[in-house]
Amino acid sequence: MPELPEVETVRRGLEPSMTGEKILRADVNRPDLRWPFPERMAERLTGATVLQLRRRSKYILADLDSAETLLIHLGMSGRMTVSGDPLGQFVHEHPAQGKHDHVVFHMKNGARITFNDPRRFGAMDLMATGAEGTHPLLAKLGPEPLGNSFSEDHLIAALKGKNSPIKSALLDQHIVAGLGNIYVCEVLFRAGIHPARKASRISEARIAALVPIIREVLLEAIDAGGSSLKDFRQADGELGYFQHNFRVYGREGQPCVTPDCASGIKRITQSGRSSFFCPSCQR
């Protein structure tokens, strides 16, 4: 499932063709994805102008001049791609409509934005602009890791007395929004913390040090266009490249990248997910 860097990469890729532009027509080609679409979604989107594109955690939010906001979740295999952009940002002509092109936005500037989702685990919803705080998918999210409200004091307080493994704690969207399995593995390697260590057994100094490391890893991944493991592509159809910079994720059995470390990368399963780590560098 795309994590924060992949979603932010898609948001940035959509901006040139959507922000400030009118949706001449919205085609909604099925009644649902993971959940039913809102009533009259095509009608409510048609004619609306996109004022801005934002991101909250792993969700893209498109504020419209109709005083509604479109929520977009890519799910496991969802892609949003742009074709026919008259501004020259993208080189692709409009392709023939595919079997899994479930929602298509025809923009006034000539661009076409297509939401393709073979597995249909993605989602779209409409809400009143400004009502994100009460939306079921957004209401209980923690602070954005790249925002000012995510601080050393916040993380220390959130993890105090928490007996779950630090890996599980950082994946808790109530503690920090948008982190997923890939980037938590990479963060813990850089911090030298074993993924199975209880959060409550980690010193405040080491917890505080996680905050800049989390930001560093996420920003590097965004700069690389995210990570393409199987399904993810950027809005222009290109792959992300951060997977080439993985230090532990997916590298089971390979040598640790730390100079003079003789260990190989190990994998364990935590809550049904693979955790990759170096047994010598992470304690």
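Leucine 155 touches Phe150, Leu170, Ile175, Ile207, Leu210 and Val211, leaving aside residues up to four places away in sequence; contact here means heavy atoms within 4.5 Å. The model is predicted, so local features need pLDDT of at least 70 and side-chain atom pairs count only at pLDDT 80 or more, while totals for chains, interfaces and linings use all residues. Residues are numbered from 1 along each chain as its sequence is written, and side-chain values use heavy atoms, without hydrogens and water.

Leu155 is among the residues with the most contacts inside the largest nonpolar core, which has 40 residues. Such a core is a set of buried Ala, Val, Leu, Ile, Met, Phe, Trp, Tyr and Cys residues joined through side-chain atoms within 4.5 Å. Buried means under 20% relative accessible area, exposed over 50%, and partly exposed in between (1.4 Å probe, protein chains only). The elements giving two or more residues to this core are α3, α4, α5 and α6. Helix α6 gives the most, with 10 residues. A second, separate core of 29 residues includes Ala62, Ile72, Leu74 and Met80.

The buried residues of α6 include Ile207, Leu210, Val211, Ile214, Val217 and Leu218. Among the elements covering them are α1 (4–18) and α5 (181–191). Helices (H or I, at least four residues) are DSSP runs, numbered from the N terminus.

A search of the whole structure finds 0 disulfides, a disulfide being a pair of cysteine sulfur atoms within 2.5 Å. The sulfur of cysteine 256 is 3.7 Å from its closest cysteine sulfur, in cysteine 278, which is too far for a bond. Cysteine 256 counts as buried because its relative accessibility is 8%.
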